[in-house]
Amino acid sequence: MQVVPVLVWVERKVSAWIQDRVGPNRVGPLGLFQPLADAIKLLFKEDVVPEGTDRFLFILAPAVAFAPAALLATVIPFGQPMMVDGELLPLQVCRGNVGVLLTLALTGFSVYGLAFGGWASNNKYAMLGGLRAGAQMLSYEIAMGLALVSVLMTAGSVDLNVIVLDQTGTWGGFIPKWNALRQPLAFVLFFIAAFAETNRLPFDLPECEAELVGGYHTEYSSMKFSLFFLAEYAAMFASCCLITTLFLGGWSLPGMDVHNHSPFFSLLTVAVFFAKVSVLLFFFIVVRWTLPRFRFDQLMHLGWKTMIPLGLANILFTGAMAQG
Amino acid sequence: MSAQAPPQGPKNLGTKTMTMNIGPQHPATHGTLHLEVEVDGEIVVRCRPHLGYLHTGFEKLAEYRSYNQFITLSDRLNYLSSLNNNIGFALAVEEMLGVEITPRCRVLRVILAELGRLGDHVLSVGLQAMDLGAFSVMLWAFVEREKLYDIFEATSGGRLTTSWTRIGGLSRDVPDDFIPMVKKFLEYFPGVIDEVEKMLNRNRIFTKRTRGVGVISRDDVIAHGVTGPIARGSGLAWDIRRVRPYLGYELYDFEVPVEPDGDVWSRYRVRVREMRESIRILNQAIDALPDGPVTAIDTKFTLPDKLSVYNDMEALIHHFKLIMHGHGFQPAPGEIYASTESPNGELGWFIVSDGTRNPYRLRCRPPSFINYTAFPEMVRGGMISDLVAVMASLNVIAGELDR
């Protein structure tokens, strides 16, 4: 969670860089404390609950949006297990052998926050935003799941640790056996679906400031708004972690000794993991500031008529390869 | 055949359309517009624009202002291309008076009119991209517009409201470093257009969002009286600079870009191509810029220069007669309609003079207002997202809608 303010700062700086601007540079060195200042400002804002809202859902929605994104990061193994006092300490908050299924369940859960927020606000823009969020996340979840299935078939497990270990080998000593290279189609599909799941441009239709003002969070203010805001960044971070784990070999580097459990080595793998995640995050941000957004029907078209058939074909292909 | 069976369930709820208000404060309405939109889900069933949020009453005000005083009001008409408004109004009055402007003034007006057109088009293209979600393009466009405004500031003293022309000439000559400034701008500006085009032209999302959206046919364009880039985007090669040349536009070598499809994409293409043509005109105009005075030597209408006012009795009298309250030049009774090609289309001025120093009646034909009449038809049946895209492609300026 500590990543989010940094991420906000990076996003601002990168967007400024793309747009020939300076970006935040007043609060703290290089404007690093800008997100902090923003958070304080938001905390002190008046918390408006407009009339005619469904109070319970209105207050619940930001929490529901934020929680899954925060929880998602807990199942990600972010480093080589560390040997401390003769015991192996897994660098993973919540170790379980159903990791992938849990991530799917959590991403599926996050749509409720947006839909509730849109519905409870008693605002037409928000309602359209909530409806869009519902339709978009449901359809892209299918594409995401299908892309995942082929990865699971390759690894033969739903445990994220196993999936990482499965990717540690190399071809010819230097080409990593990452799933991104073994399952390029699944990688692309998953990546696109991740954009849609995190509501980032070009898939930010639930928000869509040009048409729907603020979309589902139009009526939100103060800390409730910032929870939605945080949720977006937390979800982005979690998605990047997930993509790294599933497709880019997680914390491993090609040719790395997976049996070395010394603390120093473990920390090195953590650094490797975060380096990979940073690259992905950078990509997310650059895309956000360069592409226009889809129209709603085009989004559905892409999801149902392009990505899902491709995902299915990919599973069929993977299955045939595994058999043959 | 019998009618379809009613849907099963406790009761048939049916569907109803929803009325949405877009504006007067909404991010898509750059200015204070108000659209009352009836939507079925996300499909626009009906759209009714409401006007009147930016009423300035400048047509009525003109009846209490002398002709030169009105120039400041013409700034506020389409505040993104105030130079073009200044020039259009001055030309109309000069035509009514029969004043011949000097060659240098003529060419300078062409240069500033085309710079104004660049400023308007570059921002329009940027906003079009922004409303589709490509925010960065808008900021790139904004940077360029700021640089243009620097040139305007050096020329007229104002960035947005320039009030640059006077009847029979200009408020003053351009500064010494004007030509180098414009040349420097023209050197790198084509690169910016290239960059914008690189970003948008082959962008699948952008083309999908713009092609076939908000279509208006050539016949409808004529029926509504739509002009400017929107008409040219529908295959109508109508450009006042060509069909009724003013300021010697017939001497410049330029094309009138026309795109056939009449959709948002065509309007974007027309604007981008027009910017390139404007650059061509600008390069020719800079080469052809003669020396000499910028204000016509016609003591009945234009101010004599200050030195002669101090030293010369005749000049002092003329100055007094033009400036003092209750005096000023008085055109002969009559009426005139004169139009110029402003960035948004035909900007026309209908002026009736009753022989006093104020117009008896002044009527403006603002391009955005006429273009906006076609808007409800263009968005019907589209989605809410299309509505925003079409709105941006029309480049409706609220200051032109209400008079």
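**Close-up views of a predicted model**

**View 1. What lines the largest pocket.** Sort the residues of its lining by class and you get 22 nonpolar, 11 charged and 6 polar. That lining takes in 39 residues, and Val8(A), Arg12(A), Phe225(A), Phe229(A) and Tyr233(A) are the ones nearest the centre. Keep in mind that this is a predicted model. As for volume, the largest pocket comes to about 910 Å³.

**View 2. The helices around the largest pocket.** Three elements of chain A give two or more residues to this lining: helix 1 (3–18), helix 2 (34–43) and helix 10 (222–247). Which of the helices gives the most? That's helix 10 of chain A, with 8 residues in the lining of the largest pocket.

**View 3. The second largest pocket, with chain B at its centre.** Of the 21 residues in the lining, Asn68(B), Arg166(B), Leu303(B), Leu322(B) and Ile323(B) sit nearest the centre of the second largest pocket. Two elements of chain B, helix 2 (67–75) and helix 13 (313–323), each give two or more residues to this lining. Helix 2 of chain B gives the most, with 3 residues. By class, the lining of the second largest pocket splits into 10 nonpolar, 9 polar and 2 charged residues.

**View 4. Inside the largest nonpolar core.** This core counts 143 residues, and Leu246(A), Ile111(B) and Leu115(B) have the most contacts inside it. Its top contributor is helix 4 of chain B (residues 103–131), which puts in 15 residues. Now zoom in on Leu115(B). Which residues does Leu115(B) touch, once neighbours within four places in sequence are left aside? The list runs to Leu148(B), Ile151(B), Phe152(B), Val182(B), Phe185(B) and Leu282(B).

**View 5. Helix 11 of chain B, end to end.** Follow helix 11 of chain B through residues 264–288, 25 residues in total. From its first C-alpha to its last, the helix reaches 36 Å, close to the 36 Å expected at 1.5 Å a residue. Is helix 11 of chain B mostly covered or mostly uncovered? Mostly covered: 18 of the 25 residues in helix 11 are buried.

Technical notes
Residues are numbered from 1 along each chain as its sequence is written. Chains are lettered from A and ligands numbered from 1 in the order in which they are written. This is a predicted model: local features need pLDDT of at least 70, side-chain atom pairs count only at pLDDT 80 or more; totals for chains, interfaces and linings use all residues. Side-chain values use heavy atoms; hydrogens and water are left out. On a 1 Å grid over the protein atoms alone, a cavity is a set of points where a 1.4 Å probe fits but cannot get out, and a pocket is an open set with protein on both sides within 12 Å along at least five of seven lines; lining residues have an atom within 4 Å of a point. Grid points are joined across faces, edges and corners, and a volume is the space filled by probe spheres set on the points. Helices (H or I, at least four residues) and strands (E, at least two) are DSSP runs, numbered from the N terminus. Ala, Val, Leu, Ile, Met, Phe, Trp, Tyr, Cys and Pro count as nonpolar, Asp, Glu, Lys and Arg as charged, and the others, Gly among them, as polar. A nonpolar core is a set of buried Ala, Val, Leu, Ile, Met, Phe, Trp, Tyr and Cys residues joined through side-chain atoms within 4.5 Å. Buried means under 20% relative accessible area, exposed over 50%, partly exposed in between (1.4 Å probe, protein chains only). Contact means heavy atoms within 4.5 Å. The expected span of a helix is 1.5 Å times one less than its number of residues.
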